[in-house]
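User: Please go through this model with me, one question at a time. Give the cut-offs as you use them.

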Amino acid sequence: MFRHKFLVTAAVAAVVFLQVPAFAADDAVVAKVGGVEIHQSDLDTAMANLSQQYQQLPDEQKKVAALSQIIDIKLVSKKAEAAGLQNSDDFKKRMAYLQERELHNAYLRDQFDKLKPEEVKARYDKEVAAMPKEEEVHARHILVKTEEEAKDIIKQLDAGKDFVELAKEKSEDTSKSDGGDLGYFTKGRMVPEFEEAAFALQKGQYTKTPVKSQFGWHVIKVEDKRDAQPPAFDQVEPQVRQIVMQEKYSQIIDDAKKDQKVEIVDPALSKGYEALTKGE
C-alpha cells in the first residue's frame with residue numbers, strides 16, 4: 001500500500017514537474033542569426049524543453065536538435081514580424097496566456113526551491129506511522145513434479161538433511177541456485193495454497209505434507225516472520241519529494257482562491273471543474 005500510494009501520487013505530482021536548466025556563469029555565444037546572438041543559456045533552455053523523442057538522444061545530438069530548433073524559430077519569427085502577425089488579437093491573447101503560464105511556473109520553482117530536506121523526511125515518517133501492521137514471512141521451497149518426490153524430500157528432512165542443499169539438488173524452480181530462497185513476502189503475493197501453508201508455519205518449521213499448486217508439489221520452510229518493513233527512505237525520497245510538492249501546489253491554489261474569486265459561468269464546465277478539483 002505504501003509503495004502503491006507513492007507511485008500513484010508521484011505520477012500526479014509529475015504534472016507540476018518543471019524543466020529548469022542551470023545556466024553557466026560564462027554564457028558563451030554558440031551561434032548568430034541575422035546578427036542576433038544565440039547564447040549557451042538559450043541552448044540549455046531549448047534542450048530542457050525538447051519533446052520526449054529528442055530527450056532519448058545522446059547529449060551531443062540533443063544540442064544539435066535544440067540549436068536547429070532555435071535557429072528555425074528565429075528565422076521564421078522574423079518573417080512573422082514582417083507580416084505584422086504580432087499585432088493580431090489572437091497572437092496577443094496567446095502571448096498573455098504564455099506569460100501567465102511562465103509566471104505560474106516561476107512562482108512554483110521559487111516555492112519548491114525552498115523545500116527543506118526535513119519536510120520530505122517528516123512526510124515519509126508520517127506515512128510510515130500510518131501504515132497498518134502486516135505480517136511477512138521469509139520462506140524457502142523445493143518444487144518437484146510429483147507428490148511422491150515431495151514426500152521423499154520430507155523424509156530426508158526428517159532424517160536431518162539440509163533444506164538448502166536439498167533445494168539445490170532437487171528443486172525445479174529457478175530459486176534452486178539460492179537454496180529455494182524466496183525472500184520476504186506478504187499475503188497476496190503467492191498462490192493461495194502456497195501462501196496458506198507458509199503463513200501457518202512457525203519460524204524454522206517446514207511442511208510435513210506436500211503442498212500442491214498449479215506449479216507442482218512444494219515443500220516449504222519458513223526462515224523468519226516479522227512485521228512488513230517499509231521501503232527505506234533513500235529508496236523513495238524522490239517520490240516523497242514529489243508528493244510534498246503536489247501537496248504544496250494544492251495549498252498554493254487553495255490559498256490563492258481565498259484572495260481571488262473563481263466563477264465558472266458554463267454549468268457543465270463548472271460541474272466538471274468541481275469534480276476535478278475534488279479529485280473525483
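**Exposure, helix faces and packing**

Analyst: Lys133 is exposed, with a relative accessible area of 73%; exposed means over 50%, buried under 20% and partly exposed in between, with a 1.4 Å probe and protein chains only. This is a predicted model, in which local features need pLDDT of at least 70 and side-chain atom pairs count only at pLDDT 80 or more, while totals for chains, interfaces and linings use all residues. Residues are numbered from 1 along each chain as its sequence is written, and side-chain values use heavy atoms, with hydrogens and water left out.

User: Where is the place of Lys133?

Analyst: Helices (H or I, at least four residues) and strands (E, at least two) are DSSP runs, numbered from the N terminus. In those terms, Lys133 falls in the loop between helix 6 and strand 3 (135-144).

User: What span should the 14 residues of helix 6 have, and how far apart are its end C-alpha atoms?

Analyst: The expected span is 1.5 Å times one less than the number of residues. For helix 6 (residues 117-130) that gives 20 Å, and the distance between the end C-alpha atoms agrees, at 20 Å.

User: Which residues of helix 6 are buried?

Analyst: On one side of helix 6, Glu118, Lys126 and Ala129 are exposed. The buried ones fall within an arc of 100 degrees seen down the axis, so they line one face of the helix; the arc is that of the directions from the helix axis to the C-beta atoms. These buried residues are Val120, Arg123, Tyr124 and Glu127.

User: At what angle do the axes of helix 6 and helix 10 cross?

Analyst: Axes are lines fitted to C-alpha atoms, for helices over the stretch in contact, and angles run from 0 to 180 degrees between N-to-C directions. The axes of helix 6 and helix 10 (residues 233-259) come within 9 Å and cross at roughly 100 degrees. Because 65 to 115 degrees counts as roughly perpendicular, under 35 as roughly parallel, over 145 as roughly antiparallel and the rest as oblique, helix 6 is roughly perpendicular to helix 10.

User: Is Ser213 buried or exposed?

Analyst: Ser213 lies in strand 5 (residues 211-213). Leaving out residues up to four places away in sequence, Ser213 touches Val191, Glu193 and His218, where contact means heavy atoms within 4.5 Å. With a relative accessible area of 5%, Ser213 is buried.

User: What do the buried residues of helix 8 pack against?

Analyst: Phe163, Leu166 and Ala167 are the buried residues of helix 8 (residues 163-170). They fall within an arc of 100 degrees, so they line one face of the helix. Their packing partners are strand 3, helix 7 (147-158) and strand 6 (216-227).
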